[in-house]
Amino acid sequence: MPLPGRERPVLLLGPLLRHVDPVSATVWVETDRPCEVEVLGRRARTFTVGGHSYALVVVEGLTPGSVTPYEVHLDGERVWPVAGSPFPPSRIRTPGRPGSFRVAFGSCRYATPSTVDASAGIPPDALDTYAARLAGQPEDEWPDALVLLGDQVYADELTPATRDWLSLRRQQPAPADAQVDDFEEYTRLYAESWSDPQVRWLLSTVPSSMIFDDHEMIDDWNTSAAWRREATGRDWWTRRICGGLVSYWVYQHLGNLSPQELAENATWQAVLEHPGDAEPVLQAMAEAADTDPRSIRWSFVRHWGEARMIMVDSRAGRVLDESARGMLDDDEFAWVEAAMRRAVDEGVEHLVLGTSLPWLLPHAIHEMERWNETLIRRHLGRPVGWVSEKLRQAADLEHWAAFGDSFERLGRALLAVARGEHGRAPATALVLSGDVHHAYAAELVQPDGLATRVHQLTVSPLHNQAPHPIRVGFRVGWSRHARRLAAGMARLARVRPSELDWTKRAGPYFGNQLGELVLHDRQARFRLFVSDRDGAGQERLRLVADLPLSDPVAAEVTG
């Protein structure tokens, strides 16, 4: 809705620099009313969803390896950069420049520092602190890409300010455990999270790729068939999931698509052609996506020169039938495998898989998830199965290990890459994940003799915290004693053993943190930063790990 007393359009959120390739870029904005948006001479009219105005400007004709500062104009008036901004000008940097390619990544960002209750005790926001640090550094030290691996907003953990806003909107006090209910309330979450000045500048100048996890919708989303039966049986489910999926499509998914994909996307074209408010179009998309995940593909690919990222939806497209559980359905898995083969065939040096949930977990937790899945499947409908399902939901046993067939299938696909079965093997295959509110690096060590080094790199949270039981569980989970105990339980349950084995290379680390990949030719490094405060109380990022990923195995570096 237009802001009262304003005659000219106002930029509410953005600009967000989203898809960038050697010759094009997309820039996303939200405005307070319908208008024309201009970036570098390219124009787009806003589209309307639920009374809100958005635009995605496609900027084409860029030069590979170039750096182009840009402004945003609404109906011909410049609105970005903001007058007097302390940040460097926003700019589009296309792939193709000499030197390293840097990727910043992380997950789980709860609101912004200014909106969080101080009593929550959450450490400094790693993304906010990272952005403030970059603003004072030379441009050649900035990342070339930002990957956000889920829980960009929390629909089920609200700040005091949002609860107050809900109380006014609903005309009754919102309880401490209140959750958002529809599209309009979801827009409040994005406004709260993306209005932070440091992060707003960062998102305007570093291309971002995003995928959801459960908290964008609801905690434990699609954990199991039993969870889904209970959730979908409630009268608020359709309103909630449609609000979540429509807002995700508008705020996150749209910017993941390339100009060519936008031109071929039936939903996007229907929104552009809709004469009025396009919420009904997206509502129909969301209802279809919830009931038939095959109706839409949330997974996508990013081309980064010598690197290729395949972002995998590990939430919405799950197969929950206990007799054939899958993290992805067969068609989606085949699409991922084909994208991996194509990347190798095209000669990438680094294959990157993004998935919100870790593939390789601490061994004891991995064995527990396999044990739990086996018991539920074997004793479905009986007391042991019922108790095991309760444990699954209470302990969040829902990662790749809890979808055993999918865990093994992804392992086989990565082994085929690492053995060079599809062509020249890349230097590294890197699985980037979040979700678990701590960070670690693990590497596949069995089977041995692989031409490609295969790593799991998990970084979470950007701005949240890990309860004490999580800290204890994940520290213990890597221990030999816990692994033996869990493996013994798995053998008693006759869990099918895996041919894969892995070892921890760094971590676990706790606190708010952000990871960096530094890729150059066939070399790769993983750097991990944890946010804290120095002796004067100033927020900072502290380097705690610097790990070579493509050289012979070296000890981690901590500080």
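1. How many helices and strands make up the secondary structure of the protein chain? In this predicted model, the count is 15 helices and 23 strands. The radius of gyration is 23 Å, close to the 24 Å given by the globule rule for 559 residues, so the chain is as compact as a globular protein of that length.

2. Regarding extent, the C-alpha atoms of the protein chain occupy a box of roughly 70 × 55 × 55 Å along the principal axes. Of the contacts between residues at least 6 apart in sequence, 75% link residues at least 24 apart.

3. Regarding burial and surface, 59% of the 559 residues count as buried. The protein chain exposes about 21,600 Å², of which carbon and sulfur atoms supply 51%.

4. Regarding charge, the protein chain carries 60 positive and 77 negative side chains. The centres of these two sets lie 5 Å apart.

5. Which residues have the most contacts inside the largest nonpolar core? They are Trp221, Trp249 and Trp298, in a core of 97 residues. Helix 6, spanning residues 237-251, gives the most to this core, with nine residues.

6. Leaving aside residues up to four places away in sequence, Trp249 touches Leu254, Thr267, Trp268, Val271, Leu282, Met285, Ile296 and Trp298.

Conventions. Residues numbered from 1 in each chain as written. Predicted model: local features only at pLDDT ≥ 70, side-chain atom pairs only at ≥ 80, totals over all residues. Heavy atoms only, no water. Helix = DSSP H or I, 4+ residues; strand = E, 2+ residues; numbered from the N terminus. Rg over C-alpha atoms; globule rule 2.2 N^0.38 Å. Buried < 20%, exposed > 50% of the residue type's maximum accessible area, 1.4 Å probe, protein only. Contact = heavy atoms within 4.5 Å. Areas by Shrake-Rupley, 256 points an atom, 1.4 Å probe, with all protein chains shown as cover. Lys, Arg positive; Asp, Glu negative; His and termini not counted. Charge placed at Lys NZ, Arg CZ, Asp CG, Glu CD. Core = buried A, V, L, I, M, F, W, Y, C linked by side-chain atoms within 4.5 Å.
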